[in-house]
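Here are a few exercises to work through with the model open in your viewer. Try each one yourself before reading the solution.

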Amino acid sequence: LRLLRLLRVTRLFKYLEHWEGSALLLTSNTLRIAKLVFTMLIFTHWDGCMHYLVAVLESTEDGMQEDSWPVRTGTNELESDSQKYVISLFNAFSQMLCIGYGFFPPGNVGEVWATNISMLTGASMYASFIGLAASLLMDSDSGDARYAAQLDAINLYMANRRLPLALRDRVRDNLAYRWR
């Protein structure tokens, strides 16, 4: 039940939207990127914690299984929880970005499932990041898109009215001058 507190993360997005019109002068594009990066960091944190939790849950009374990644990397022998967290986070980043399995590939079924979930989540995040970047580029170029659409409409009108070529050129030059 304590995991339900994780749902409070959504309140942060409401605060970010509140900041959009405030003195911080954050644009909506900046907020969209900040939300996506923050979401990716949260999912990576959860994924790193999940990987270590899977290894702990599969451990026996004698300790962690010999084929689990913390045993193979020596992470389970570290004293500091922060060092264990950093190594788990590294594994999560490398799996979510699909650049490898971390230090070692998964050694048992639980780790295979955790790795699959990690790779699917990471691929989804990567796809949404690429989509957001493409959307931002399209939005930043919306003036040129409107100009091209208006030029196409004017060219179609002039062709239907069979205007002389010299007049067509003058109309196009006028439109280009107005858009500059």
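**Exercise 1.** In which helix is the place of M158? Work out also whether M158 is buried or exposed, and list its contacts beyond the sequence neighbours.

*Solution.* A caveat to start with: this is a predicted model.
- Step 1: M158 sits in helix α6, which covers residues 142–161.
- Step 2: the relative accessibility of M158 is 2%, and the cut-off for buried is under 20%, so M158 counts as buried.
- Step 3: skip the neighbours within four places in sequence, and M158 is in contact with L163, R168, V171 and R172.
- Step 4: take R168 from that list. R168 is ten residues from M158 along the chain, and their C-alpha atoms are 6.8 Å apart.

**Exercise 2.** Find out how many salt bridges a search of the whole structure finds, then describe each pair.

*Solution.* Opposite charges on side chains can pair up when the charged atoms come close.
- Step 1: the search turns up two salt bridges.
- Step 2: one of them joins E111 to R72, with 3.5 Å between the closest N and O atoms. E111 belongs to helix α5 and R72 to helix α3 (residues 69–73), so this pair ties together parts 39 residues apart in sequence.
- Step 3: check the accessibility of both partners. E111 is buried at 2% relative accessible area, while R72 is partly exposed at 30%.
- Step 4: R172 pairs with D169, and here the closest N and O atoms are 3.0 Å apart. Both residues lie in helix α7, three residues apart, or about one turn of the helix.
- Step 5: R172 has a relative accessible area of 27% and is partly exposed; D169, at 41%, is partly exposed too. R172 also showed up among the contacts of M158.

**Exercise 3.** Which residue has a positive phi although it is not a glycine, and where is its place?

*Solution.* 
- Step 1: the residue is R162, with a phi of about 55°.
- Step 2: R162 is in the loop between α6 and α7 (165–179).
- Step 3: with 71% relative accessibility against a cut-off of over 50%, R162 counts as exposed.

**Exercise 4.** Which residues make up the largest nonpolar core, and which ones make the nonpolar surface patch of about 840 Å²?

*Solution.* 
- Step 1: the largest nonpolar core has five residues: Y52, A55, M64, W69 and I87.
- Step 2: zoom in on M64. Not counting residues up to four places away in sequence, M64 touches Y52, A55, V56, S59, P70, V71 and N76.
- Step 3: now the surface. I33, V37, L41, F93, L97, I99, Y126, F129 and I130 make the nonpolar patch. Helices α2 (28–57) and α5 (109–140) each supply at least two of the patch residues.
- Step 4: Y126 is in helix α5 and is exposed, with a relative accessible area of 53%.

Technical notes
Residues are numbered from 1 along each chain as its sequence is written. This is a predicted model: local features need pLDDT of at least 70, side-chain atom pairs count only at pLDDT 80 or more; totals for chains, interfaces and linings use all residues. Side-chain values use heavy atoms; hydrogens and water are left out. Helices (H or I, at least four residues) and strands (E, at least two) are DSSP runs, numbered from the N terminus. Buried means under 20% relative accessible area, exposed over 50%, partly exposed in between (1.4 Å probe, protein chains only). Contact means heavy atoms within 4.5 Å. Patches are made of residues with over 30% relative accessible area and no salt bridge: like charges are joined within 9 Å, nonpolar side chains (Val, Leu, Ile, Met, Phe, Trp, Tyr) within 5 Å. Accessible areas come from the Shrake-Rupley method with a 1.4 Å probe; for residues, only the protein chains shown count as cover. A salt bridge is a side-chain nitrogen of Lys or Arg within 4 Å of a carboxyl oxygen of Asp or Glu. A nonpolar core is a set of buried Ala, Val, Leu, Ile, Met, Phe, Trp, Tyr and Cys residues joined through side-chain atoms within 4.5 Å.
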